[in-house]
Amino acid sequence: MAYVSTNPSDTSDVVAEIELGTSRAFVDAAQRAKAAQRAWARVPAPVRGQVIGNIGRLVEANSEALAQLVTREIGKPIAEARGEVREIVDTANFFLGEGRRLHGQTVPSEMPDKQLFTFRNPVGVAAIITAGNFPVAVPSWYVIPALLCGNSVVWKPAEYSAASAQALYDLFQAAGIPDGVFEIVFAEGSETFDGLEQSLQRGLVDKVGFTGSSEVGVRIGELCGRHLQTPCLELGGKNPMVVTEDADLDLAVQGALFASFGSAGQRCTSLGTAIVHESVHDEFLTRFVEAVANATVGDPIGDVLYGPLLDEKFALAYEKYLGWIGEHHSVHGPTGRISAASPRNGFTGENGFFYHPAIVSGVRDDDELFLQETFGPIVGVMEYSDLDEAIELGNKPGYGLSSSIYTTDPDKAFRFRAGISAGMVSVNNSTSGAEAHLPFGGNGKSGNGSRQSGVWVLDQFTRWQSLNWDHSGKLQKAQMDTLAIEADLDHRLA
């Protein structure tokens, strides 16, 4: 079956046409990866690091072409696309050095003439399934450390970002990765799931990494659990931003603008609800509405806040989210699709999936709009009276990916950090934004506590192995043949 990837800014522009594989294609790729993995693991880690360094240099040399392709295929503003490509380079630069630091420890033994060691071993074959809203950066967060650690990888990218994925794969292959070590499979969701299930049953896959919806993440978690595996799950978010009574409101508005509407709100870290202290709520809302009204939505190759939604299926889902707006809400500005009948500052969005930014105030904590992830350019605003209430509201939807607080009071910042369930906290900064050397990931409906990026991701793609080496020439039994030092524990000072 063929899939046609089109430009969401202009759906008449065909970016790529790919042939979708079946579950059998996924299993075959896993078999090739399995056959190639042991030889790749025998390559010294510093040499594998050199390959990762090659990836970084190749991506950097092709950065503008790759960024332009990402913008054309998924409609991400070109500035953000360039930043996404830079994230690959940063990740490669970080893990280039980790090839010389995949160290274990030497541990003292409780018995003489005995040495204890620990080693990091590769997991084996990693199956990586990624979404298309970050079509090149997020896959690199998985693939680069997995390869560095000596694993082979089967990657299934999103169909609607197939051209970007193929370009990234080609750059990785040019870096010197041996045949079979890195496989790419294009397939739709049900065939991918069937292929993954078959691969797990046959012992071909040892680790699963998934970035996508919480709903699909639950199914993958259940599948992996049946095979005694723990997947690396990076799922959705309903990320709160708390604005305190002492916050710099202009700064908070800047953060809310980017967090809510950057990438058209199509990030797992996008702002879900701004929770604003009652004393500054009205002023914040006034300034926020004005900032959004003055922002540019349009052709993503230009200087815009955001461009189109990723694909038609996301536009249809967003229409459903707009249906969650109730009578008790206040909507600030037009909503729905930008068109000739409903233009935005003269822009009609012809032939593209462009939507008005929606600010909805009067949100309550039992609203679907408050409780559920809304993947698109819509954000809720609500009031709170004290910080404990704000923290409780931030945790209530049950997600736990990202969060933010705007305050000039360090006590509030640290109280928020201690109380919020999110895996990532920002103070006086947006809910969106990751760096290659910090852990990325969430809890609750946002993930299973696994982390990407930095040294923390190494625990996803390695398994600890211990070695004890007794050179005493006799059998020494732990906990039984240990030396005991006598002490007078009844001694007391006069």
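Student: At roughly what angle do the axes of helix α2 and helix α4 cross?

Tutor: This is a predicted model, in which local features need pLDDT of at least 70, side-chain atom pairs count only at pLDDT 80 or more, and totals for chains, interfaces and linings use all residues. Residues are numbered from 1 along each chain as its sequence is written, and side-chain values use heavy atoms, with hydrogens and water left out. Helices are DSSP runs of H or I with at least four residues, strands are runs of E with at least two, and both are numbered from the N terminus. Axes are lines fitted to C-alpha atoms, for helices over the stretch in contact, and angles run from 0 to 180 degrees between N-to-C directions. Here the axes of α2 (residues 45–61) and α4 (residues 78–98) come within 8 Å and cross at roughly 155°. That makes α2 roughly antiparallel to α4, on a scale where angles under 35 degrees count as roughly parallel, over 145 as roughly antiparallel, 65 to 115 as roughly perpendicular and the rest as oblique.

Student: Which residues of α2 and α4 make the contact?

Tutor: Contact means heavy atoms within 4.5 Å. On the α2 side the contact is made by G49, Q50, I52, G53, G56, V59 and E60, and on the α4 side by V85, R86, I88, V89, A92, F95 and L96.

Student: How many disulfides does the structure hold?

Tutor: A disulfide is a covalent bond between the sulfur atoms of two cysteines, assigned here to a pair of cysteine sulfur atoms within 2.5 Å. The structure holds 0 disulfides. The sulfur of C224 has its closest cysteine sulfur in C232, 11 Å away and therefore too far for a bond, while for the sulfur of C268 the closest cysteine sulfur, also in C232, is 12 Å away, again too far.

Student: Is C224 buried or exposed?

Tutor: Buried means under 20% relative accessible area, exposed means over 50%, and partly exposed lies in between, with a 1.4 Å probe and protein chains only. C224 is buried at a relative accessible area of 0%, and C268, at 14%, counts as buried too.

Student: Where is H329 placed, and what does H329 touch?

Tutor: H329 is in the loop between α11 (312–322) and β12 (330–331), and counts as buried at 9% relative accessibility. Leaving aside residues up to four places away in sequence, H329 touches W324, V360, S361, G362, V363, D367 and L369. H329 and G362 are 33 residues apart in sequence, yet their C-alpha atoms are 4.9 Å apart in space.
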